[in-house]
Amino acid sequence: MSGTRTIQGQKNLQNIHQASKDGIGGSPLRPDGTLKVKGEFAYSSDMWHEDMLWGMALRSPHPRANILSVDISEALKVPGVYAVLTHEDIPGSKYYGLEIQDQPALAIDKVRYHGEAIALVAADHPETARRAVKKIKVEYEVLTPITTEEQCLDPETYGYVHEPHEYKSHGSGNICHSQKLVSGGGVTDEIRALADVIVKGTYEVGMQDQAFLGPESGLAVPAEDGGVDLYIATQWLHVDRQQMAPVLALPEEKVRLTLAGVGGAFGGREDLSMQIHACLLALHTGKPVKIVYSRDESFFGHVHRHPARMTYEHGATRDGKLVFADCRIVLDGGAYASASPAVVGNAASLGHGPYVIPNVRMEAIALYSNNPSCGAMRGFGAVQACFGYESQMDKLAAELGMDPVELRQINAVTQGDFMPTGQEIDAPAPVAELLQRVKDMPLPPPLDLENLDVRTLPGALSNTSHGEGIVRGIGYSVGIKNVGFSEGFDDYSTARVRLEVIGGEPVAMVHTAMAEVGQGGVTVHAQIARTELGVEQVTIHPANTEVGSAGSTSASRQTYMTGGAVKLAAEAVKQALIEKGRRRYGWEHKDITLVGGKVVSETGGVLVPMVDLLGDEAIDLTREHHHRPTVPFDKETGQGFGHVQYTFCANRAVVDVDVELGLVKVVELTAAQDVGKALNPLSVVGQIQGGCTQALGLAVMEEIVVKDGKVRNASFTDYLIPTILDTPPIPVDMLELPDPHAPYGLRGVGEAPTVSATPSIVAAIRNATGLALNRVPVRPEHLTGTL
Amino acid sequence: MEFLRPATWDEALAAKAEYPTALPISGGTDVMVEMNFDVHRPSAILDLNRIGDLATWSIDGDTVRLGAAVPYSRIIDELSGPLPGLALAAHTVGSPQIRNRGSVGGNLGAASPAGDSHPALLAAGRDVFVEAASVRGTRLIPIDDFYTGVKRNSLEADELIRAVHIPVADGPQQFSKIGTRNAMVIAVCAFGFALHPKSRTVGTGIGSAAPTPRRAVEAEEYLRGVLAERGLWESGDLLGTEVIQRFGELVRDAASPIDDVRGTADYRKHALAVMARRTLTWTWNDYSKQIRSAA
Ligand SMILES: Cc1cc2nc3c(=O)[nH]c(=O)nc-3n(C[C@H](O)[C@H](O)[C@H](O)COP(=O)(O)OP(=O)(O)OC[C@H]3O[C@@H](n4cnc5c(N)ncnc54)[C@H](O)[C@@H]3O)c2cc1C
């Protein structure tokens, strides 16, 4: 492997063969780490521009209403207000969307969800803007919102979220997207008859939020050429631009985006939020406009994780071999499509889990409703389904009287197996081994009732138990996730690498449009450049649209895709430099490489310092990295080579439950994951622990509570995410089985633990309480029968 | 908006008399949040942070006089002995940062049904008084009369809270709070309990399960009766499950909670019964140990 390349044999090379310890496989410090810890990092909300105005949106208090009139005259009269805009002021296309352009940039005649933006204000002070927003008069005809599955699927009775003639998706009725899948003999009565045991279940997943800490924010600066420069916290600069330009009626090259400091994303920044709004205001007023959402506005300003209702039926033989799985997954996509089609695709193609099942029937659909829009969130589609199929595995194991880990291992996929989509798993898939590894890890010590520390108990310092009611439980789970965009999408990445001498040293510069959202991509890019170019000094160019697309920071794909592009560009620069040397010095050696700032060869020793060879010239090359092509799934059968790569994580959860009060403390959450190759082991462990923690949130506390289409807890007072006292030790066992198709053999790591950890925690709570628990998050009411 | 910064208590009272709608600010952990959320647009803010003695406490005989601005972190560090119930409640408030700023005076000023001081103060006995002052003079408001409605208290427009008078504990006290995570959480419901061996009474306080913090008076009376009739104060003997159970039920029945986004009414009632049983058991075990070791 090139990452650990050393040149052996030649004594005179001993000192220079040391590959940089900060190359791949090392864990150098993040360039942004210290600043963030000290509170000095500039986030997008910290930006300031002379003469700038503040933008603010008026949002609908109703989930479904017709807009009879909008009167902006009083708002315009507020001193300090520069502009009040409605959809009528939009110069270009009025709609945008990631996959389906069904979302108006500002509401047109109707609102479809609580919090939909209707009008915009720009003023010289945020307080002025807020007051002006309150002076906009909107007359509504309030309609009964369409919010449940039953209502959505009966549009004749309850109405349409989008009128039938408005459909821009392939869907119909209130269905935004659907995907079926049949493999083997499907599920028929004859197939059912082959099973000795059948278990059925209905499972629900609540609406989780990404809960990133840095609210949506950005600064739009009008440019002299009539275009606009936007400094923005986002996940994908180029797709933002692609959606913005038509609305602004500008050619793409006049919409220039630069990444501003991103305070977390988790999928919530994959859609546009304030991008178009800030640019509309900036272009209209000719002044820079900054928009920063408040925390409550943030809850309305981005999409959430699709809530799901899932029905599963599994059949198995007496000895635990799965015979069939019949699944239906209904995802509530809310008012607009966002990423719903991809979420449905993942749910349908991964929703039976990492198991060999000869006969599968599956249907996944996303509804249009008047609930908040749902879209991308870490692990989408796979997270919801994993709670369903892993709950079923436990149920089946109980029915068969088998150990739940053993049942999973008996049916686990491995390399060479086929998914129900017909896609062969052509890379390592150590599912059974991952399960074994978490099972074999030592268990945490039992509760010590003699020397109790209340902080370690459910309720902690709330002092609800001194040992009373506490029962320990253990649960296991394993999950599967795809890496990269699927179903025929060519989400390529671009990287530009420049090598030149600065201050007497060879320095590499890496320029991509990758959104660093906290995942540590900038660290990894520098590591790759060090390893490939044999330099120590690497600078990372600010991410912007001057370079080609890097695709999205999502789908666990950035190290694979943009890391792969940096590798390609760096290799090209290396070859160019070596060629230059060959031309100048007439080297004949076949094994020339770059190490420790020198051009070296095993057979020729040190050929020349890179500084001398480069001289005043800079080598500056750009490369694109495309993953292997995939194809869309067949609409009816779900067959197709749809995914780029699979990733797997297994978990063991140990919980203490106060069974009388229904309070839970996760004592330990163990993870084992195959990462292919850990380019930065510290970051990888961080991703796995972070992913597990987000899954813990979904298991026991995180939910946007929506009643009749209205969000009830748009604040961190009532949308609870785990604190450090809720977060247990998370031992991580990392397996590195290289994927032959991936750069360095690596595997995307960010999402798999978010997929798999939730069901392990619920399984542990079931183990402690004996309750069925068919819904996450599990609330104290579920555990005490007081719902 | 006016920003008033009196240097002395008398100046503060004069300012409050002159600007009765001025919003006092102490730790600011409620005030600043509400201003950020645009809940308040006060005409004036009255900053009490320059008045040093508001952040002091003293013990006079059997009573702690707790300055309105003493932060929770100091209550935990300095007053766990004389005020164990309040110190346990203080432990459950917010995060270290909030405990460094937030105060009992502010908790009383806000008078939220979810304020964690309230159950502990209610349980601490009938000699708990809020010392309220104005240019017109000082009055001691019994804690039972202090909470008048959701986020309403019995302060007059020109009054400020100077201190709270709380009897030094003469028996074990406990405080329990339910939250759906293990730290930094607003109470779904809470319960404070205290044994008062000298007066042969017990104290209770229910939080987040009624429009105001309130006592479970029938539960107190029931237990007082049982303890007296059976001579348990003297013997320290076991209470027995029936008594504990009944006490829990009476506490539960004293609550009138609602369903909201934090929890259901049924859960709150259920949890109150459990917390009442447990806190009674813990305090009684401590008390009987004391009796036995004294015997
Ligand atoms: C993140 C966070 C977590 C929290 N967690 C909890 C919790 O777990 N439990 C809990 O009970 N509370 C909690 N709170 C609320 C708050 O911290 C408490 O209510 C605290 O006791 C308020 O004290 P303060 O000194 O900061 O009050 P301030 O915010 O200064 O004032 C609060 C109210 O009291 C009035 N006031 C203040 N001083 C006086 C005075 N001397 N005389 C008359 N009126 C006065 C103010 O005008 C205002 O109405 C939390 C708050 C935050 C931001």
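How many Å separate the centres of domain 1 of chain B and domain 2 of chain B, taken over C-alpha atoms? The value is 36 Å. Before I go further, please note that the structure before you is a predicted model.

Let me begin with those two domains. In the assignment for chain B, domain 1 covers residues 1–48, and domain 2 covers residues 173–294. Both matter for the ligand, since the shell around it draws at least three residues from each of these domains.

I turn now to that shell. In total, 33 residues surround the ligand. The closest are B:Pro24, B:Thr29, B:Asp30, B:Tyr72 and B:Asp116.

A polar backbone atom of B:Ser26 is 2.6 Å from an oxygen atom of the ligand. For B:Thr29, it is a polar side-chain atom that lies 2.6 Å from a ligand oxygen. B:Lys177 also places a polar side-chain atom by an oxygen atom of the ligand, at 3.1 Å. As for cover, the ligand taken alone exposes 980 Å², and the protein buries 88% of that area.

Which elements give two or more residues to this shell? They are β2, α2 (31–36), α5 (96–101), α6 (104–110) and β10 (160–167), which belong to chain B. The helix α6 of chain B gives the most, with 4 residues.

In chain B, an open sheet of 3 strands is arranged in the order β1-β3-β2, with parallel pairing. Its edge strands are β1 (2–4) and β2 (23–25), each of which pairs on one side only. From one strand to the next, the twist averages 25°. Between β1 and β3 (residues 44–47) of chain B there are 3 bridges, and these two strands run parallel. Within that pair, B:Phe3 has B:Ile45 as its bridge partner.

One of the pairs links A:Ile502 with its bridge partner A:Glu505 in β20 of chain A. As a general point, strands of a sheet pair through backbone hydrogen bonds, in either a parallel or an antiparallel manner.

Finally, I would draw your attention to two details of the backbone. As background, most residues other than glycine have a negative phi, and most peptide bonds are trans. B:Asp38 has a phi near 65°, which is a positive value in a residue other than glycine. This residue lies in the loop between α2 and β3 of chain B. In chain A, a cis peptide bond joins A:Val776 and A:Pro777, with omega at about -5°. The loop that holds A:Pro777 runs between β31 (775–776) and α19 (780–784) of chain A.

Thank you for your attention.

Conventions:
Residues are numbered from 1 along each chain as its sequence is written. Chains are lettered from A and ligands numbered from 1 in the order in which they are written. This is a predicted model: local features need pLDDT of at least 70, side-chain atom pairs count only at pLDDT 80 or more; totals for chains, interfaces and linings use all residues. Side-chain values use heavy atoms; hydrogens and water are left out. Two strands pair if DSSP finds at least two bridges between them. Axes are lines fitted to C-alpha atoms, for helices over the stretch in contact, and angles run from 0 to 180 degrees between N-to-C directions. A residue is near a molecule or strand if one of its heavy atoms lies within 4 Å of it. A polar contact is a pair of N or O atoms within 3.5 Å; within protein, one must be able to donate a hydrogen and the other to accept it, and residues adjacent in sequence count only if both atoms are side-chain atoms. Accessible areas come from the Shrake-Rupley method with a 1.4 Å probe; for residues, only the protein chains shown count as cover. Domain bounds come from an automatic or database domain assignment.
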